[in-house]
Amino acid sequence: MTETAARPNRFAAALKEALMAALLAFVLASFMLGVRTVDAPGGLSYHYRPGLLAAAVAFVFFGRLFLRLVWWKDERSTPKLYSTLTEGMAKFTSGWGRFLAPAVIIGAFVLPFVASRYVLDTSILILTYILLGWGLNVVVGLAGLLDLGYVAFYAVGAYAYALLSTHFGLSFWAVLPLAGLMAATWGMILGFPVLRLRGDYLAIVTLAFGEIIRVVLLNWYTVTKGPDGISGIPRPTFFGLQFKRFGEHTFHQFFGIEYSSMHRIIFLYMIILLLALLTSYVTNRLRRLPVGRAWEALREDEIACRALGINTTNTKLTAFAIGAFFGGLGGSFFATRQGFISPESFTFIESAIILAIVVLGGMGSQIGVAIAAIVMIGGFEVFREAAQYRMLIFGLLMVIIMVWKPRGLVSGRMPTIFLGSERKQVSGDLVKEGEG
Amino acid sequence: MEYFLQQLINGLTLGSIYGLIAIGYTMVYGIIGMINFAHGDIFMVGAFISLIVFLILMSIGVTFIPLALLIVLVVAMVVTSAYGWTVERLAYRPLRSSFRLAPLITAIGMSIFLENYVQIAQGARVKPLQPVITGGYTIMQGNGFTVQLSNIQIIIMVLTVALMAVFSWIIARTPLGRAQRACEQDRLMAGLLGVNVDRTISLTFVIGAALAAVAGLMFLLYYGVIDFYIGFVAGIKAFTAAVLGGIGSLPGAMLGGLIIGLIETFWSAYFTIEYKDVAAFSMLAIVLIFLPSGLLGKPEVEKV
Amino acid sequence: MTDAILKVEHMTMRFGGLVAIDDLSFDARRGEITALIGPNGAGKTTVFNCITGFYKPTAGMLTMTHEDGSTFLLERMDDFRITRHARVARTFQNIRLFGGMTVLENLLVAQHNKLMLASKFTIGAILGIGGYRGHEKEAVELARFWLDKAGLTARADDPAADLPYGDQRKLEIARAMCTGPKLLCLDEPAAGLNPKESDDLNKMLLGIRDEQGISILLIEHDMNVVMGISDHIVVIDYGKKISDGDPAFIRSDPKVIAAYLGVDESEAGELAS
């Protein structure tokens, strides 16, 4: 009864809302989409694009109407599909969850032998971001320190390998830990003066630091070759065996198999997979140690930490250094995979993407970070065809996912120790995000 | 001395533009405590709208420059404000009183979106504009060097001072300003006392965007060339300025903007232009280490 | 057993022009429960913040003396060093637990310094040398001991934020005890507790004093707690000490009554008699 009475009302309200939205869209799009500036002799000229403007306004109008009338059936209720999906997920993870991680890892090891080159390349990229996400997760997710300049450590790792290998002929495996340590050292050098800053002050200083590193790389021509970048960075070797068609000590000769360019890709894939798993293992181990618990305590309440005798500066520094260490590993891998690096690759947008992966995934959750990396970076690759639009979609996706799930995709927290035998999660709503 | 004076003038002009953008950051931060990362791109949108409106006016025959500029200013402020309002409504309001990092991520997402939206809509190439306001005064001459104060520089500085005065007055004296300050102190309580919190926050974004549009127009007139990427760099500088001055403080934002503008200009003039950003950012780090709440920010007493 | 574990001498704390603490001197005696009372805004929490290093007093001396005679000048130490070396632990007026961590985790974080050494600053424990596991087990045992005292054993694996208010207060005390303090500073431990919980708290505090031999300094408004368990009471008002003595003395001191009732001293004298 009431429903039928309410229907025309609801329709009218929706129509009104859609009209308002269309009006707003008209204002927004009027000059930006309705007019196109073009280069012309003697300055700029322009032409009108009424069709595009009309299309944009119409899109907003019907989009809004659709959302109001079809999607949000009731006022602000979550779509049914979503709730059944999450319930199903919860059931699945509680029952089969413990087999999930091993299954995924085994799958990850099998993948390179069945996947195509394209899939493998994408997987390597995704794994690189998973590694970086897990590294940054230590800083942002566990210790609750907002770092907007994480790419700086990535850059330090990449340039460390590029310079040490091209100048001194050091191998990838020798440089890898070194690059990590160098990045960690930088993390400490940066961290020491700024870690007593709180919240967004820390964020802006780390951002500034990231920019400083990039500007230095860009301008210190004698060492970094500036914008030209460093090329000819050696590829990693398999116990001294090279992945080349010709030459001595090659992989295919040693094993007596036919040369395939896939060997090198598979090898790179394995390296990054192992590095990512190492990151995951070390982080999980650290979480169960006093230092890891202190990180999380710091995120929860810094003042209480100090009252318990915890040196918060040191604790923050270790989080920063460990996070930077993994960033350095990722950077070295990036350099050896690309064979060429330039400051272009280390812009703020990289930091933003890595941070977005951590937050979208659910701070502190490794599985969440992995899922977010697959969704964001994988999605990014899917839209490769629409190259022009993919950053646009990427930005939009960040907004939509965040509005949809502000606490990230996986938000629960697994305690690090249990007195009883039952292992239960802490609901994400109770976990704080830190102020640093 | 002449060289120094000239750099001082240039620095103050650049600083004024930074300051105007910084006000948008500082007001938003003051009221909802978030870094509105998309604000730099709102500035960029403002510059583009200004450019397009100006082109249209020129071609339809409005060639009386002061009138044209006035129309450009008003239209750019209105349209850019609509962008500011929309960004707040879509990306920030749903996350109000949520997780602190969530709006930061949507802000970064919005920033990426706006940059690429403008790039797609208007093309990636730089957009030049022939000089609109020309002429100026020679203040001093000597040692083979002339100190010039151009008309556009005068306009930028005067307009900045005037806008600062107006907005300081709004914050200090009007009901809107009172509502804003109340929301800054305690949003929940302000709401309970009948302040329309959503509207106040929306208005804050609108004001910030309007000022950014002014800054965008001035940037366009001063440099004569814009592209879709100007928002990022200017945004970071302006945010740095806001933090330097003490975030949440209006005069602080202006002061921070001027300092950043001066550092950049002087560093470029006397040292190397390549490292001017390094100089500005290092200054920020140094100030924050010694004055953790910025130059004019209220020192934060730790509540135990 | 009447030597002072904590001596506060001529302590003054100014915030800008405001004098929050004005030339305050008192002793907290070893093995006793000392209560710091006074009307709202008298500066009690500021005294605590100075003792535990969160504020640096503008002037004055705060000396902590252990049984072995070693002394610590608290006004010169960082907050975390005060807990670590001078062995002063505290709780907060507005409870500060690690809400997203479990009860047990809260108690392990409190043993951070001990465990950090045991883990050879993480490196040993990562490499699996140095017998960290045994140390962790001991730490869990200590946590279990305090969980039993606080009656929270059944909730060890629940997030701290899920506990009811009274249990959170008790957990905070248990957590402070896990740092192994010699002086325990409690900021309004009974605030918001019902009479039953407040009685439990009294028992717990007396237990801490008598069984563990820990001295306690507490701020409290609940006179049931203050008069019931304190050995010694210090009354401050407007940052100045106005009275100092045992509960019976305080109860009849006209100056105290005046401060609490807001009347002149002479009138209060009449009231008391």
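Biologist: What makes chain A two domains, and where do they run?

Modeller: Chain A splits into domain 1 (2–71) and domain 2 (102–404), with bounds that come from an automatic or database domain assignment. Their C-alpha centres lie 41 Å apart. By the way, this is a predicted model, where local features need pLDDT of at least 70, side-chain atom pairs count only at pLDDT 80 or more, and totals for chains, interfaces and linings use all residues. Residues are numbered from 1 along each chain as its sequence is written, while chains are lettered from A and ligands numbered from 1 in the order in which they are written.

Biologist: Why are α6(A) and α13(A) called oblique to each other?

Modeller: Helix α6 (residues 172–194) and helix α13 (residues 312–338) of chain A pack at about 140°, axes 7 Å apart. Angles under 35 degrees count as roughly parallel, over 145 as roughly antiparallel, 65 to 115 as roughly perpendicular, and the rest as oblique. So α6(A) and α13(A) are oblique. The residues of their contact are 16 nonpolar, nine polar and one charged; nonpolar means Ala, Val, Leu, Ile, Met, Phe, Trp, Tyr, Cys and Pro, charged means Asp, Glu, Lys and Arg, and the others, Gly among them, are polar.

Biologist: How many residues does each chain give to the contact between chain A and chain C?

Modeller: Chain A gives 33 residues and chain C gives 31, where two residues are in contact if their C-beta atoms, placed from the backbone, lie within 7 Å. On the side of chain A that touches chain C, α11(A) has the largest share, seven residues. That side has 18 nonpolar, five polar and 10 charged residues.

Key: Axes fitted to C-alpha atoms, helices over the stretch in contact; angles between N-to-C directions. Helix = DSSP H or I, 4+ residues; strand = E, 2+ residues; numbered from the N terminus.
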